[in-house]
Amino acid sequence: PRQLSIADNLLGDHNFFGGDSPCHGDFALFHILDACRTMQSDCLDTFPRLAQFMSRFAELPGVREYLANRLPPQSVGLCGSFMQVEVAKARHPM
């Protein structure tokens, strides 16, 4: 929650962290927050600006298509960790 609060304050009332257009850092933070939601789906419930950022970012061309077609996360047994199925399959072909 502390780091989410910091990110929420940095975002402020902007669409993206760099202003009105996404930048490299937005991609990185989207990835991290997406992983957080995979582990704890309600983690952004008290941070509506971050939740709106995630929704806005997920609708960007290219990102929308990627999210629609990616395989779901799957437990790989590393202390309950999750990773994208395609990574696990790449390392352990069937």
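How much of the accessible surface of the protein belongs to carbon and sulfur atoms? Of about 6,500 Å², 58% does (areas come from the Shrake-Rupley method with a 1.4 Å probe, and for residues only the protein chains shown count as cover).

## What you're looking at

This is a predicted model, where local features need pLDDT of at least 70 and side-chain atom pairs count only at pLDDT 80 or more, while totals for chains, interfaces and linings use all residues. Residues are numbered from 1 along each chain as its sequence is written, and side-chain values use heavy atoms, with hydrogens and water left out.

## Overall layout

Five helices and two strands make up the element list, and from the N terminus on the order is α-α-α-α-β-β-α. Both kinds of element are DSSP runs numbered from the N terminus: helices are H or I with at least four residues, strands are E with at least two.

Of the 94 residues, 27% are buried (under 20% relative accessible area; exposed is over 50%, partly exposed in between, with a 1.4 Å probe and protein chains only). Take the contacts (heavy atoms within 4.5 Å) between residues at least 6 apart in sequence: 46% of them join residues at least 24 apart.

## The two cysteines

A search of the whole structure turns up zero disulfides, a disulfide being a pair of cysteine sulfur atoms within 2.5 Å. Why don't Cys36 and Cys43 bond? Because the sulfur of Cys36 is 5.3 Å from the one in Cys43, its closest cysteine sulfur, and that's too far for a bond.

As for cover, Cys36 is partly exposed at 33% relative accessible area, while Cys43 counts as buried at 13%.

## A buried aspartate

Asp8 sits in helix H1, residues 2-11. With 11% relative accessibility, Asp8 counts as buried. Leaving aside residues up to four places away in sequence, Asp8 touches Phe47, Arg49 and Leu50.

## The second largest pocket

This pocket has a volume of about 160 Å³. Pockets are found on a 1 Å grid over the protein atoms alone, as open sets of points where a 1.4 Å probe fits, with protein on both sides within 12 Å along at least five of seven lines; lining residues have an atom within 4 Å of a point. The volume is the space filled by probe spheres set on the points.

Both cysteines, Cys36 and Cys43, are in the lining, along with Phe47, the contact of Asp8. H2 (24-39) gives the most, with four residues, and H1 supplies at least two. By type, the lining divides into nine nonpolar residues, two polar and no charged.

Definitions and conventions: Nonpolar A, V, L, I, M, F, W, Y, C, P; charged D, E, K, R; others polar.
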